[in-house]
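Subject: Structure handover

Hello,

Here is the structure for you to look over. My notes on the ligand site follow.

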Amino acid sequence: MTLTIVGYGNVGSGLAKQFVKAGHRVTLTGRSLDKVQAVAESLGAQALPLDQAAKNVEVLVLAVPYDQAPAALAALGDLKGKVIVDVSNPLTADYMGLTVGFSTSAAEEIAKAVPTAHVVKAFNTLFAQVMHQGAGFGDAKGSVFFAGDEAKAKDTVKALIESIGFDAVDAGGLKNARYLEPVAGLNIYFGYGAGLGTQIAPAWLQR
Ligand SMILES: NC(=O)c1ccc[n+]([C@@H]2O[C@H](COP(=O)([O-])OP(=O)(O)OC[C@H]3O[C@@H](n4cnc5c(N)ncnc54)[C@H](OP(=O)(O)O)[C@@H]3O)[C@@H](O)[C@H]2O)c1
């Protein structure tokens, strides 16, 4: 697959690392092209300025802080028909709460900003350190929950998740991002509050 990751920070670089390893053609983009270039080069990805990075790709992973999402999306230009993977967690400044919830979610707000694109929530319940390390947890593999309203876009994201070795768990419509974003809050509590560290990930059991 050919895809663009917007943001080259903890999450953007971790996902880029895994996608490149899986054989995808990855472009990184961000506001500072010098920095994007340095990270892209180290990971075997291509670097492009924001206004060129959406042109020839079907999928964009939006890996910027939630409050920067509108600016980043606007800088990308026309996103009609594109699959936008939203990884964001709308955290308060102290990381102890969410700024959005109950009646909407970060993913739904982002979808409102790009009504002609197909937004799929995914990866938000994993620490970036898990993305860097990869899917394996001993004999088990990490789960990536994905939620969206377009079946084809969800199939694309499911394939992307599975291509890097994670279990892709269909979490329903985009509205269910209202549940997935608080799960990330709980994950942060376990990792930092309860001291379990960042090599942890939530999963759903079935029997
Ligand atoms: N860190 C985690 O463990 C984790 C886990 C799950 C989900 N998330 C979510 O993933 C997203 C990224 O988190 P992160 O930890 O990777 O953050 P980060 O390390 O601070 O990286 C953010 C990236 O976004 C870029 N950026 C910021 N504003 C931008 C704009 N207006 N246009 C284009 N690029 C912009 C930054 O580059 P410049 O500032 O140089 O432009 C940087 O490359 C957040 O929404 C977060 O909630 C994080």
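Ala, Val, Leu, Ile, Met, Phe, Trp, Tyr, Cys and Pro count as nonpolar, Asp, Glu, Lys and Arg as charged, and the others, Gly among them, as polar. By that scheme, the shell around the ligand holds 13 nonpolar, seven polar and one charged residue.

The model is predicted: local features need pLDDT of at least 70, side-chain atom pairs count only at pLDDT 80 or more, and totals for chains, interfaces and linings use all residues. Numbering starts from 1 along each chain as its sequence is written, and side-chain values use heavy atoms, with hydrogens and water left out.

**The ligand**

The ligand is surrounded by 21 residues (a heavy atom within 4 Å). Tyr8, Val11, Arg31, Val64 and Ala128 are the closest. Polar contacts are pairs of N or O atoms within 3.5 Å. A backbone N or O atom of Val11 is 2.8 Å from a ligand oxygen. For Val64, the backbone distance to a ligand oxygen is 2.7 Å. The side chain of Gln68 has an N or O atom 2.8 Å from a ligand nitrogen.

Helices here are DSSP runs (H or I, at least four residues), numbered from the N terminus. H1 (10–21) and H3 (69–76) each supply at least two residues of the shell.

Best wishes

Technical notes:
Polar contact = N/O pair within 3.5 Å; in protein donor to acceptor, adjacent residues only side chain to side chain.
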